[in-house]
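We will go from the whole chain to single residues.

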Amino acid sequence: MSATLPVYPWHLAPEGLATRRQLRAMDLRPGGQPVVAELQRPRRHGRPPLVGYLYRVDQAKPVRPMTPGRTRALAAALRARRICPQCRQDRGYCIPTSLGTCASCAFEGTTT
């Protein structure tokens, strides 16, 4: 077995291979199978290419259904992301990690 993966250019992956997002659009998931190939999209100015990993569609498994417990856990996690750690208020939007607090707390002392 080869230690390197086959590499395909952007939009030229063979039939039967798909990225995670493409699998998800088909209501599938990789299901523990190994990556079988890479998809590379070139970029400008000497930057390294964007890489996407490809999985076999015939070995993919169906997406697990949402159970009531998973739905509650997801709702709790999203609710926790809306609560500002400084003022402890639910702001109705996810607190940006770049600020670490809600916009009101982050820019409280600044004037425009």
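Helices (H or I, at least four residues) and strands (E, at least two) are DSSP runs here, numbered from the N terminus. The model is predicted: local features need pLDDT of at least 70, side-chain atom pairs count only at pLDDT 80 or more, and totals for chains, interfaces and linings use all residues. Residues are numbered from 1 along each chain as its sequence is written, and side-chain values use heavy atoms, with hydrogens and water left out.

**Whole chain**

Start with a cartoon view. The chain has three helices and six strands. Trace them from the N terminus: the order is β-β-α-β-β-β-β-α-α.

Now show only the C-alpha atoms. They fill a box of roughly 60 × 45 × 25 Å along the principal axes. The radius of gyration of the chain is 21 Å, whereas a compact globule of 112 residues would have one near 13 Å. That radius is taken over C-alpha atoms, and the globule rule is 2.2 Å times the number of residues to the power 0.38.

Switch to a surface. Of the 112 residues, 17% are buried. Buried means under 20% relative accessible area, exposed over 50%, and partly exposed in between (1.4 Å probe, protein chains only).

**The largest pocket**

Select A13, L17, Q22, L39 and L54. Among the 15 residues that line the largest pocket, these lie nearest its centre. The pocket has a volume of about 200 Å³. On a 1 Å grid over the protein atoms alone, a pocket is an open set of points where a 1.4 Å probe fits, with protein on both sides within 12 Å along at least five of seven lines; lining residues have an atom within 4 Å of a point. Points are joined across faces, edges and corners, and the volume is the space filled by probe spheres set on them.

What is the lining made of? It divides into 10 nonpolar residues, four polar and one charged. Ala, Val, Leu, Ile, Met, Phe, Trp, Tyr, Cys and Pro count as nonpolar, Asp, Glu, Lys and Arg as charged, and the others, Gly among them, as polar.

**Two loop residues**

Select D27, in the loop between α1 (20-25) and β3 (28-29). Its phi is positive, near 60 degrees, and D27 is not a glycine. D27 counts as exposed because its relative accessibility is 54%.

Finish at R88, in the loop between α2 (68-82) and α3 (103-106). R88 also has a positive phi, about 60 degrees, without being a glycine. Its relative accessible area is 64%, so R88 is exposed.
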